[in-house]
Amino acid sequence: MTDTRATALGTTPDSPASRRRAMLWQMVDDYSLILIFVALFVVLSATVQYFFSWDNMAGLLLSVSQIGMVACTMMFCLASRDFDLSVGSTVAFAGVFCAIVANATGSVVVGVLAALVAGALVGLVNGAVIAKLRINALITTLATMEIVRGLAFISSHGQAVGVSNEAFFALGSASVAGLSVPVWITLGCFALFGVLLNKTIYGRNTLAIGGNPDAARLAGVAVDRVRIAIFLIQGLVAALAGVILASRMTSGQPNAGQGFELNVISACVLGGVSLMGGRATISGVIVGVLIMGTVQNAMSLMNIDAFYQYVVRGTILLIAVLVDQLKNRRQAR
Amino acid sequence: MHSAPRLAFRHIGKRFPGVRALDDVGFSVRAGSVHGLLGENGAGKSTMMKILGGEYVPDDGEVAIDGQAVAFRGAADAIAAGVAVIHQELQYVPELSVMENLLLGRLPTRLGLVDRRRALAFVRDRLDALGVDLDPRAKLKQLSIGQRQMVEIVKAILRDATILALDEPTSSLSHRETEVLFRLVRDLRAQGKAMIYISHRLDEIFALCDAATIFRDGRKVADFDTLQGVSRETLVQRMVGRDIGDIWGYRPREHGPVRLSVQGVTSRAVPLPASFQVRAGEIVGFFGLVGAGRSELMRAVYGADRRLSGEVSVDGKAVRPTHIRDAIRLGLVFCPEDRKEDGIIGVRSVSENINISARRNHLVAGLFVNDRVEARTADTYIERLRIRTPNRRQEIRLLSGGNQQKAVLSRWLAEKNLRVLIVDEPTRGIDVGAKNEIYAVLYELAARGVAVVMISSELPEVLGVSDRVIAMSRGRIVAQFARGEASEERVLAAALPEGAAPSARQVTP
């Protein structure tokens, strides 16, 4: 979308040398994030023991699978210039609700479906309030974050809800072709939402709304409907992440997923998704998620105290946003 | 009185990319006089006022106060030199009181706290002296627009301004408020202030002004040392009088049956029902002053604003009131006035901006965007409309205004079913070359049988391009002219609001 930015500014002399230099800068610009990740990966592989091993890689991917799938839908949310803080609570509530329903009905499938429907409902409420009642997304999802977290505590009486049915645990721990099920689901999400963003009217309209909601509306985009769909799907995927997390922990826990929403948003921003809307790439989000996971994984391997990991995560986010700002400022000239 | 002028503009020139806003313009204003400044929209009056207020630095020429050249580098310099420019859009803090707004930035303090009692006494004293009836404790948001205007003027006086410029101060005032304003202006004149007064209402110019200057297309076309014995007609002719050469490239066309029919449409912004029709192949120009309600009417027709009553139909098929996509499906489309706010999606590519609507017609498997077709569509229009961009992937915000406008037009040209095109100020802020290219597109569409509605505040453009001209004033359609009957004088007279020209009074009782 943005290649040839540098060659485009006005009618600067078009000598082959300057054009080649501009193209090179463009490449560095476009792939800077991937280059940073590759460099990080190589350095860690060479210096950190056990980092570059199949077991560790599989573990790393599993550890970021929940963040990864929700980052896909958060990408749509941010791309449309909105925001969703409620996903962490939805993760917890879906886990609890799934466990309760599965225990009550004796069916894991019914439990999972009920949790997904509940998550979609939370998303629907978010979307309808934001699109139709025109209440700021930050406020709306801050409110539903509290409400849904409350529902998780109320329905579980504040206790972890264990699941008796063994089949439930397979969702989080079964392995297919060397990778666990959550990892496959996350990969599927990356593919699905990548295609949705780039190849469908839904995705293009999402970016158009984020770029300029008024202009999008006048161009015939069903702005309200797209917004509601974005939040509904986000709720659904957050619930899926919640169910998988519950499966991995063998119980639905009402205090799960605290701060989850911020990790997801961090991964997106790290991946170059603009909080101003209109700019997002799935490759960026994937790399953002991987950078987050890799740094955390490496710090664990190096036995760095978990307390420091917060500091490092925050610092990385700040640097990433700063780099993005500088890039934008250079373009604006 | 033969004193040296208090304020003089000397050979002022100001250029913007593609536009020469002011070209070698000069006039002077005596102390103790009110100087009228007249001209059509876009004639350069506001640019001149921004130069006076220190917001713009002129490219050529200079501003002189009492014969001394001054160089304002910002609004603060102008204020320090005793200049106050009161724009149409007022600048105040709605949540603060009259007193606080008047003394903002220099409130008297005692022991570090605001000394309210002293401030109120001071303000009350000054308001009394000026004969202005305002409660200093009232919040600005509680006041009428006229009262807020008054606060703005008093603020200028409290800053010891000796030169005041008022840009269309009465455009939203009631009759009574206007009289209060007039009295204040006359008092200030008696105190020896030099004042510039901009208005479209000729009655006001005659009632208030001692002298006048007329601008047209960034040049000064007339200076009147006195308005004694000057007729209304003379002023109007000087404001608009100009040959329309063949720069419009207009050629007569056959008109088909009625394509767009608008019957009794109202919306929140269009309180009075409006009706008009446009035939296939016809270009209808909508003229009116800023705020006449043209854009609001078209937004209601398109469904961008909710229609409260009335019928809109395209080729006899009714368009539902709030569904823009309904209108588009029936071939009724709209290019909004404010390109940046409502037209383009700045961070997206030229291709995205062109294909955003028509892409629904060529999906692969009913689901996937067809990149190949979209690339071809974008390239076709980039070439046909000569959109100057390195390629279709360029972010559209980096293009010039004219090229952005052509891309927005392309968005609708790509609609195979295009029947009615409404364009709102399609050439605003665009250089002459691009203007001609846009006219050519409108002619081509009309020749294909599209019904075209063009809103424009440039009277020559309306007359040069349209087959028929509709004049609007204060939210209603006041007159229609066939191309042969439409002269600048007649259309302007119809569009000027009540009290501005004798003929307008008949249509707005």
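Predicted model: local features only at pLDDT ≥ 70, side-chain atom pairs only at ≥ 80, totals over all residues.

Colleague: Which residues of helix 13 of chain B are buried?

Modeller: Buried here means under 20% relative accessible area. In helix 13 of chain B that picks out Val373(B), Glu374(B), Ala375(B), Thr377(B), Ala378(B), Tyr381(B) and Ile382(B).

Colleague: Why does the distance between the end C-alpha atoms of helix 13 of chain B agree with its number of residues?

Modeller: The helix runs over residues 371–384, which makes 14 residues. The expected span takes 1.5 Å times one less than the number of residues. That gives 20 Å, so it agrees with the distance between the end C-alpha atoms, 20 Å.

Colleague: At the start of helix 13 of chain B, which residue's side-chain oxygen reaches the backbone nitrogen of Arg372(B)?

Modeller: The oxygen comes to within 3.2 Å of that nitrogen. At the other end, helix 13 is followed by Arg386(B), with a positive phi near 50°. The residue you asked for, at the start, is Asn370(B).

Colleague: Which residue of chain B meets Lys199(A) in a salt bridge?

Modeller: Across the interface of chain B and chain A the rule finds five salt bridges. In the one with Lys199(A), the N to O distance is 2.3 Å, and the partner is Asp371(B).

Colleague: Which element gives the largest share of the side of chain B that touches chain A?

Modeller: The rule also finds 10 residue pairs in polar contact across this interface. Elements giving two or more residues to chain B's side are helix 9 (294–302), helix 10 (324–329), helix 11 (339–343), helix 13 and helix 14 of chain B. The largest share is four residues, and it comes from helix 11 of chain B.

Colleague: How much area do chain B and chain A bury between them, and which residues of chain B lose the most?

Modeller: In contact terms, 36 residues of chain B meet 31 residues of chain A. The two chains bury about 2700 Å², 53% of it on carbon and sulfur atoms. On chain B's side, 19% of what is buried comes from the three that lose the most: Arg325(B), Val347(B) and Arg348(B).

Colleague: Which element of chain B has the lowest mean pLDDT?

Modeller: Chain B averages 86, with 93% of the residues at 70 or above. Strand 20 (residues 451–455) of chain B has the highest mean, 96. The lowest, 35, belongs to helix 18 (residues 502–507) of chain B.

Technical notes: Residues numbered from 1 in each chain as written. Chains lettered and ligands numbered in written order. Heavy atoms only, no water. Buried < 20%, exposed > 50% of the residue type's maximum accessible area, 1.4 Å probe, protein only. Polar contact = N/O pair within 3.5 Å; in protein donor to acceptor, adjacent residues only side chain to side chain. pLDDT = per-residue confidence, 0-100. Contact = heavy atoms within 4.5 Å. Buried area = accessible area lost by both parts, 1.4 Å probe. Salt bridge = Lys/Arg side-chain N within 4 Å of Asp/Glu carboxyl O.
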